[in-house]
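Biologist: Could you walk me through this one? I would like the overall picture before we go into details.

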Amino acid sequence: MLPTHQFTVVSEIPTELEALPRLAANLHWAWDRELAAVFDRVDEQHADDSWRRTGQHPTDLIRRTTPQRWNELAADAGFVRQVGAAVERLDQAIDGPSWFGDRADESALRSVAYFSPEFGITEALPQYSGGLGVLAGDHLKASSDLGVPLIGVGLLYAEGYFRQRLNSDGWQEERNDRIDPNALGLVDTGVTVHVDLAGVTAAVRVWRVDVGRIALYMLDTNLAENSPEIVSITNRLYGGDEQHRLRQEIILGIGGVRALRALGLEPQVFHMNEGHAGFLGLERVREWVERGLTFAEAIEAVRAGGVFTTHTPVPAGIDRFPRELFEQYFADFAPSLGITFDELFELGRRADEPDGKFNMAVMGLRLASRRNGVAALHGAVARDMFSGMWPALDAQETPIGHITNGVHARSWVSDRIDELLSDAVGDDWHLADAENFARVRDVDNAAIWSVRRQGRQELVDLVRDRLGSDLLDPDVLTIGFARRFATYKRANLLLGQLDRLKALLLSADRPVQFVFAGKAHPADHPGKSLIQNIHEITQQADVRHRFVFLPDYDIGIARTMYHGCDVWLNTPRRPMEACGTSGMKAALNGVLNCSILDGWWDEMSDGTNGFDIPSFDDDHDDARRDRREASATFDVLEQQLIPLYYATGDDGLPHGWIDRVKDNWATLGWNVIAGRMVRDYTTKLYEPAAEAGDQAVASDGECARELAAWRSGVTSVWDSVSVSIAEADFGDGVAGAPRRVTATVEPGQLRLDELVVQIVHGPIGADGSIDPRHHEVIAMQHDGSGTFTGEFSATLGGRWGASVRALPTHRALSSIYETGLVAIA
Ligand SMILES: *Cc1c(COP(=O)(O)O)cnc(C)c1O
């Protein structure tokens with residue numbers, strides 16, 4: 001190869017069109033079709049290989065536009081007007097009124113920093129691997145729509161995530177393409193921060209990209225002053241070993257906070273999107289120690305404004321670092337927190353985890369006063385999973401709540417579905433409530449079916465374009481399955497009964513076709529084997545026209561599949577799927593979910609807005625369980641789903657199916673959207689955290705100091721508190737009868753007003769104790785002395801139980817369960 005000198009060449013944009021680079025750089029076009037249409041026009045000469053189809057960034061499109069094309073466009077008065085209108089539209093989106101704008105005066109919230117290891121905003125900016133990143137992208141977009149004052153912080157991966165190809169054996173091969181930040185509209189802020197990595201100083205460049213109103217800052221170690229080893233830290237998303245990940249997380253967390261400071265930003269609330277972002281808490285603790293607080297006081301100052309979201313019930317999905325490795329990177333950091341390395345290591349340790357690794361989720365939970373899982377069921381699973389951190393509480397009282405994920409509506413629906421919902425529900429359908437959404441029931445069945453048919457045709461066109469002209473049929477029931485090939489998602493569930501599967505595919509009058517897509521993590525051999533299993537079927541001559549695998553899954557392929565499938569199949573091993581957002585995107589497009597009752601579907605299925613697959617969670621033989629659940633899935637397909645789809649009226653329309661599509665929209669449309677999710681985060685977590693955070697740090701952390709002193713005091717004298725039952729109606733009796741309880745409390749070295757005393761009562765469960773899922777907690781009243789009284793009633797016949805307990809309380813705690821201290825009568 002010849003030695004080459006490289007330089008960047010751009011074509012000059014005519015002055016009439018000089019606003020185009022700004023329209024391209026702000027990613028609002030990713031969900032605003034009128035902005036995107038401007039670039040369609042620039043690109044018209046390449047109709048078949050358009051920027052949209054190839055995932056090209058409009059900034060790159062502009063750079064590659066020829067002078068001749070610019071002359072044509074500049075001479076087109078209509079186009080010049082279109083660009084002017086688009087600029088106004090973008091300005092309106094950025095500066096116009098919004099939901100949060102209307103409440104800002106009464107809200108304590110001024111700004112949230114949202115840290116995430118990946119952001120999936122558009123396929124043109126490949127900085128995501130799957131659900132976590134796409135969710136983060138949707139969070140930014142919905143925050144922009146709603147005007148929530150959020151700042152994103154992430155890493156800029158020089159090679160993004162890998163591109164996937166299958167070799168002739170169906171084995172996944174990975175390729176990594178370098179991105180060119182300048183072709184992606186990224187702006188170099190000119191800010192560089194420094195982070196120590198085991199004695200080596202890493203320089204970190206800070207890029208910025210605008211997502212509507214939201215600024216996303218992306219950190220990058222690819223600087224000439226760094227050694228090749230440091231440069232490689234931000235090379236790839238989830239590439240490399242434990243040490244590589246630890247370094248990435250240090251850059252994200254510690255470097256991210258430093259970047260915000262260097263930019264002059266002082267967020268009140270710090271939201272950690274999973275443990276990967278957890279080191280931001282350590283850097284904030286260090287800042288407070290530098291300003292004169294002790295480690296314990298600084299933790300209170302940081303925790304008050306901290307929000308932590310856990311995203312996985314799979315223990316292997318949580319980062320844990322061995323002590324020796326962690327020590328290399330944090331031995332020198334510990335003194336800056338005013339503590340020893342051992343004390344720092346304890347922050348990520350769970351007493352009940354014997355292997356002694358540093359657990360990022362554990363640290364994250366400890367550095368946040370507000371914690372949540374991502375669906376109701378996942379909240380319950382997370383409370384169980386982390387109950388060991390609050391051992392004196394019932395597992396279901398572990399202070400972790402949930403906010404169910406949502407998806408950014410306008411990013412995921414097809415233009416035609418957008419029109420259909422705009423006509424039926426209103427232009428703001430993506431922010432509508434249940435009542436407004438119910439109006440989709442009035443839409444004409446033929447109109448719905450025509451839109452669904454066109455989506456299916458486009459999916460078939462994409463498959464034929466990529467894989468062969470003889471594949472699929474636009475008039476056959478189409479089932480989609482696209483997600484990461486993690487084994488618990490069981491992409492191969494139906495392959496175990498191949499004859500039964502083939503009978504469905506090859507039915508003469510009621511055939512079914514499948515479209516699969518998804519990547520396996522490069523180090524996940526079992527995941528790659530699943531892809532190979534699927535690939536094998538796609539090669540069998542009798543069924544290959546009805547069973548395809550689309551390689552190189554990304555946001556673009558996902559979108560086409562949501563637009564074109566009739567059914568979204570979801571077969572995880574319950575309860576391993578924390579939420580599972582792909583089914584939500586499908587639902588918005590009028591695709592019916594056929595799913596195990598896991599994640600979001602457990603919460604939002606009502607039995608008729610899709611199809612439920614029963615699961616056999618209590619069967620501990622995994623192989624047998626898989627077989628039983630596969631049979632159950634076939635039963636649903638054969639007995640309910642396929643017959644309904646092919647039951648057409650005289651007009652050729654499947655009215656029963658279309659009615660179910662309407663049920664799907666009416667019951668799910670308003671609930672699966674990111675607008676609902678971000679409003680929930682804002683009102684339930686961000687605003688309370690902002691208030692608590694402001695209070696904790698006021699007057700140089702006075703409240704944080706007080707809370708730290710109180711917490712350590714209460715903990716050390718807690719043994720002096722005792723509770724006993726003085727009198728109680730605990731005899732057998734009839735349901736509903738009031739029962740009085742009187743308790744005597746000896747507060748020891750605490751004051752009575754530092755205690756809450758409760759009756760806990762409920763039905764006795766199978767294990768002989770009060771069933772925590774059905775218990776009720778009643779606060780008892782006291783008379784100023786140590787006597788507390790309260791009343792309850794057993795509401796159902798059967799064995800019932802009651803007990804009395806005391807917990808410490810302080811106005812600055814986010815909940816009385818925070819301290820984990822309990823005294824039981
Ligand atoms: C939505 C989405 C996901 C997440 O899907 P799950 O249902 O959570 O598995 C992954 N990748 C892409 C590209 C997506 O759009």
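**Talking through the fold**

Modeller: Happy to, and please keep in mind throughout that this is a predicted model.

Biologist: What does the secondary structure of the chain come to?

Modeller: The chain comes to 28 helices and 27 strands. Along the principal axes, its C-alpha atoms fill a box of roughly 85 × 65 × 50 Å.

Biologist: How does the radius of gyration sit with a compact globule?

Modeller: For 825 residues a compact globule would have a radius of gyration near 28 Å, and the chain has 28 Å, which agrees. Buried residues make up 58% of the 825 residues, and of the contacts between residues at least 6 apart in sequence, 71% join residues at least 24 apart. The accessible surface comes to about 32,500 Å², with 48% of that belonging to carbon and sulfur atoms.

Biologist: Now the sheets. What is the order of the nine strands in the open sheet?

Modeller: The order is E5-E6-E7-E2-E1-E8-E9-E12-E13, and the pairing is mixed. Strand E5 (187-197) and strand E13 (401-402) are the edge strands, each pairing on one side only.

Biologist: How do E2 and E7 run, parallel or antiparallel?

Modeller: They run parallel, with five bridges joining strand E2 (residues 150-155) to strand E7 (residues 214-220). As an example, Val 153 has Tyr 217 in E7 as its bridge partner.

Biologist: And what about the open sheet of four strands, which order does that have?

Modeller: That open sheet has the order E20-E21-E25-E24, with antiparallel pairing. Strand E20 (722-728) and strand E24 (781-782) stand at the edges and have a single partner strand each, so one side of each is left without a neighbour in the sheet. Strand E21 (residues 739-746) and strand E25 (residues 787-792) run antiparallel and are joined by six bridges, and Thr 744 stands opposite Thr 787 in E25.

Biologist: Why would you call E22 largely enclosed?

Modeller: Eight of the nine residues of strand E22 (residues 755-763) are buried, so the strand is largely enclosed by the rest of the structure. E22 pairs with strand E26 (residues 800-808) in the antiparallel sense over nine bridges, and within that pairing Val 757 has Ala 806 as its bridge partner. E22 also runs antiparallel to strand E23 (residues 776-779), to which four bridges join it, with Gln 758 opposite Ala 779 in E23.

Biologist: Switching to helices, which residues of H5 are buried?

Modeller: In helix H5 (residues 67-74), Arg 69, Trp 70, Leu 73 and Ala 74 are buried. Seen down the axis of H5, these buried residues fall within an arc of 130 degrees, so they line one face of the helix. The face turned away from that buried side carries the exposed residues Gln 68 and Asn 71.

Biologist: What do the buried residues of H5 pack against?

Modeller: They pack against four helices, namely helix H1 (20-25), helix H2 (33-42), helix H4 (58-63) and helix H6 (77-95).

Biologist: Is Lys 585 buried or exposed, and at what relative accessible area?

Modeller: Lys 585 has a relative accessible area of 6%, so it is buried, the cut-off for that being under 20%. Not counting residues up to four places away in sequence, Lys 585 touches Val 134, Val 407, Trp 412 and Tyr 562.

Biologist: And where is Ser 143 found?

Modeller: Ser 143 is found in helix H8 (residues 131-146), and with a relative accessible area of 0% it is buried. Leaving aside neighbours within four places in sequence, Ser 143 is in contact with Val 148, Leu 150, Ile 214 and Val 678.

Biologist: Last one, what does Val 451 touch?

Modeller: Val 451 touches Arg 416, Ile 417 and Leu 420, again not counting residues up to four places away in sequence. The place of Val 451 is in helix H20 (residues 445-467), and at 13% relative accessibility Val 451 counts as buried. Val 451 and Asn 589 are 138 residues apart in sequence, while in space they are 9.7 Å apart, C-alpha to C-alpha.

Notes:
Residues are numbered from 1 along each chain as its sequence is written. This is a predicted model: local features need pLDDT of at least 70, side-chain atom pairs count only at pLDDT 80 or more; totals for chains, interfaces and linings use all residues. Side-chain values use heavy atoms; hydrogens and water are left out. Two strands pair if DSSP finds at least two bridges between them. Helices (H or I, at least four residues) and strands (E, at least two) are DSSP runs, numbered from the N terminus. Buried means under 20% relative accessible area, exposed over 50%, partly exposed in between (1.4 Å probe, protein chains only). The arc is that of the directions from the helix axis to the C-beta atoms. Contact means heavy atoms within 4.5 Å. The radius of gyration is taken over C-alpha atoms; the globule rule is 2.2 Å times the number of residues to the power 0.38. Accessible areas come from the Shrake-Rupley method with a 1.4 Å probe; for residues, only the protein chains shown count as cover.
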